[in-house]
Amino acid sequence: MDTTVIPTAALRIDAQRLWDSLMSLARIGATAKGGVCRLALTDLDRQGRDLFTQWAKEAGCAVRVDEIGNIFARRAGTDDALPPVMTGSHIDTQPTGGKFDGNYGVLAGLEVIRRLNDAGVRTRAPIEVAVWTNEEGSRFVPVMMGSGVFVGAFGLQDVLAQKDTEGKSVGDELRKIGYAGTEKAAHFPIKAYFEAHIEQGPVLEASGTVIGVVAGALGQRWYDVVVTGMEAHAGPTPMELRKDALLAAAGLIQGVNRIALNHAPHARATVGWINAHPNSRNVIPGAVKFSVDLRAASDDVLTAMDGELKALCDALRGEGRVEVGLEQVVYFPPQPFHDEQVGAVRRAAARLGYSHQDIVSGAGHDAVYLARVTPTAMIFIPCKDGISHNEIEDALPEHIEAGCNVLLQAMLEQAGV
Ligand code: GLV
Ligand code: MN
Ligand code: MN
Ligand code: MN
C-alpha cells in the first residue's frame with residue numbers, strides 16, 4: 001500500500017475520471033443531437049439516480065434519501081459530529097438539455113470524494129454531496145423544488161401534490177421511481193455549501209476567464225397566464241367580431257419582452273411555454289396558456305416588472321374582448337452569496353493559478369435556496385458560446401478540471417484536515 005502523504009494544497013482531481021463519469025451519466029437519456037433529455041422523476045431520472053448512488057456507495061459514502069427525493073452521499077469526517085461541508089446540484093435536465101447543466105456539480109462533488117479517498121485524506125468535517133430533486137422546473141413547477149423544500153421555502157405536501165401536464169403528481173412519480181425517501185425533508189446544520197456549474201451564459205468565454213467567482217444570483221418571478229376568448233369558425237367569423245385568444249396573447253408576449261427592455265441591461269423576461277386551445281388550423285383559438293419568467297438583479301426592479309406585467313394584463317382586460325388570468329407560481333428575491341465562502345472560491349482559484357473574475361448568476365440554482373440556511377458560494381466555468389438549456393451545450397475538459405480543483409480546495413479549506 002502506498003503510504004505517501006500528499007499535502008492537501010497539492011491535491012488535484014482526476015480529470016479523466018470526472019470526464020468519463022460525466023459521459024457515462026450523459027448516456028442515460030442521450031439525444032440524437034448530443035444532449036440529454038432526463039426529465040425529473042421519470043424512469044431515466046431513476047436510472048441516473050441509481051448510477052450516482054452506486055458510485056457514491058463504491059466510494060464508501062453513506063447514502064440517504066429524504067421525503068422529496070433529495071439524495072445525500074456522506075463521507076465521514078474525523079470529527080463526525082461537525083456539520084458537513086456540502087456540495088451538489090441536480091441531474092434532471094431540460095427536455096432539450098445538455099450533458100453538463102447540474103450533472104457537472106454533482107459529479108464534481110463525487111470526484112472530490114474519490115480523490116480524497118485515493119490520497120487517504122481525512123477531513124475534520126464530513127463531506128456531503130447532494131442531488132437535489134427537480135431543479136429544472138420543466139416537468140413540474142416550482143423550479144428548484146428539492147432544495148426549496150429542504151430550506152422550507154415550500155411545504156412538502158403542496159409540492160407532492162403538484163402535477164405535470166399529464167396530471168401525474170410529484171408524490172406518485174417519486175414513489176414510482178423508488179425515491180420517496182424516509183428522511184425528513186428539512187435542513188440540518190451545514191458548515192458551508194458550494195456548487196460548481198457551467199456559467200450558462202457568454203461572459204467568462206468572452207473575457208477568456210477560467211473561473212467565475214459567483215457573487216450572487218438574479219431574483220425571479222414566474223407566472224402562469226391564461227387568456228380566454230371564444231372559439232369560432234375561421235371562415236365565417238368577420239375579423240372585427242372575433243375573440244381570438246392567441247392574437248391577444250401575442251400582443252401580451254410582445255409586452256412582456258418590452259418589460260425587460262425597460263429595465264435593461266440587467267433584467268430578463270421570457271415566454272418559453274405556450275399552449276393554444278384547441279390548436280386547430282381553422283378554429284379561432286379560444287384559450288391560450290403561457291408562462292412568463294421575469295428576472296432582475298434588484299428586488300425593486302423585479303417588483304416594478306411585476307407591476308408592469310399586471311398593468312399589461314389590466315389593459316388587455318380593459319379592451320373587453322378576452323379575459324386574462326395571471327397567477328404567480330415562483331418568486332425568490334436576488335440572492336447574494338456569503339463573503340467568506342465566495343472568498344474561499346476566489347482564494348482557491350488564485351492559489352491554483354487560474355484566471356478568475358466575479359460574476360452574477362442569471363440562472364437559478366439550488367445554491368440560491370441553500371444560501372438561506374448555510375453560508376454558500378458557487379463556482380462557474382465557461383461553456384461553449386455561452387449556450388445552455390440546449391442539446392449542443394458543451395464545455396472544455398480543462399475547464400471542467402479547473403472548476404473541480406477549485407471545488408476541492410475550497411471544500412478542504414472549509415472542512416479542515
Ligand atoms: C434554471 O434552470 C433556471 O431557469 O434558472
Ligand atoms: Mn443547473
Ligand atoms: Mn438548468
Ligand atoms: Mn438550473
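Helices (H or I, at least four residues) and strands (E, at least two) are DSSP runs, numbered from the N terminus. With that in hand, here's a quick tour of a predicted model, in which local features need pLDDT of at least 70, side-chain atom pairs count only at pLDDT 80 or more, and totals for chains, interfaces and linings use all residues. Residues are numbered from 1 along each chain as its sequence is written, while chains are lettered from A and ligands numbered from 1 in the order in which they are written.

**Around ligand 1**

- Glu-136, Val-143, Ala-363 and Gly-364 surround ligand 1; a residue makes that list if its C-beta atom, placed from the backbone, lies within 6 Å of the molecule.
- Sorted by class, this shell holds 2 nonpolar, 1 polar and 1 charged residues. Here Ala, Val, Leu, Ile, Met, Phe, Trp, Tyr, Cys and Pro count as nonpolar, Asp, Glu, Lys and Arg as charged, and the others, Gly among them, as polar.

**Binding sites from the UniProt record**

- An unreviewed UniProt entry puts the feature "binding site" at Asp-101, Glu-136 and His-389. These residues are spread over 289 residues of sequence, but they cluster in space, with a largest C-alpha distance of 9.6 Å.
- The annotation "binding site" in UniProt (unreviewed entry) also covers His-90, Asp-101 and His-197. Those residues span 108 residues in sequence, yet no two of their C-alpha atoms are more than 10.1 Å apart, so they gather at one spot.
- A word on that record: UniProt positions are given in the numbering used here, feature names are shortened, and annotations may be inferred rather than shown by experiment.

**A closer look at the annotated residues**

- Glu-136 sits in the loop between strand E4 (127-131) and helix H4 (145-151). It counts as buried because 22 other C-beta atoms lie within 10 Å; the cut-offs are 20 or more such atoms within 10 Å for buried, 12 or fewer for exposed, and in between for partly exposed, with C-beta atoms placed from the backbone.
- Setting aside neighbours within four places in sequence, Glu-136 is in contact with Ala-40, His-90, Asp-92, Thr-93, Gln-94 and Val-143. Contact here takes C-beta atoms, placed from the backbone, that lie within 7 Å.
- His-90 belongs to the loop between strand E3 (85-89) and helix H3 (103-119), and with 28 other C-beta atoms within 10 Å it is buried. Not counting residues up to four places away in sequence, His-90 touches Gly-102, Val-131, Trp-132, Glu-135, Glu-136 and Asp-366.
- Asp-101 is in the loop between E3 and H3, and it is buried too, given 29 other C-beta atoms within 10 Å. Beyond four places in sequence, the contacts of Asp-101 are Thr-93, Ile-198, Gln-200, Ser-388, His-389 and Glu-393.
- His-389 is found in the loop between strand E16 (376-381) and helix H12 (397-415). It has 18 C-beta neighbours inside 10 Å, so it counts as partly exposed.
- Leaving out residues up to four places away in sequence, His-389 touches Gln-94, Gly-97 and Asp-101.

- Asn-134 is not a glycine either, and has a positive phi of about 45 degrees. Asn-134 lies in the loop between E4 and H4 and is buried, with 31 other C-beta atoms within 10 Å.
- Ala-264 and Pro-265 are joined by a cis peptide bond, with omega about 5 degrees. Pro-265 is in the loop between helix H8 (245-262) and strand E9 (268-270).
- Another cis peptide bond links His-277 and Pro-278, with omega about 0 degrees. Pro-278 falls in the loop between strand E10 (274-277) and strand E11 (283-284).

**Strand E7 and its partners**

- Strand E7 (residues 219-228) is mostly covered, as 7 of its 10 residues are buried.
- E7 runs antiparallel to strand E12 (residues 287-296), and 10 bridges join them; strands pair if DSSP finds at least two bridges between them. Asp-224 has Ser-291 as its bridge partner in E12.
- E7 is also antiparallel to strand E13 (residues 323-332), with 9 bridges between them. In E13, Val-330 is the bridge partner of Trp-222.

Key: Contact = placed C-beta atoms within 7 Å.
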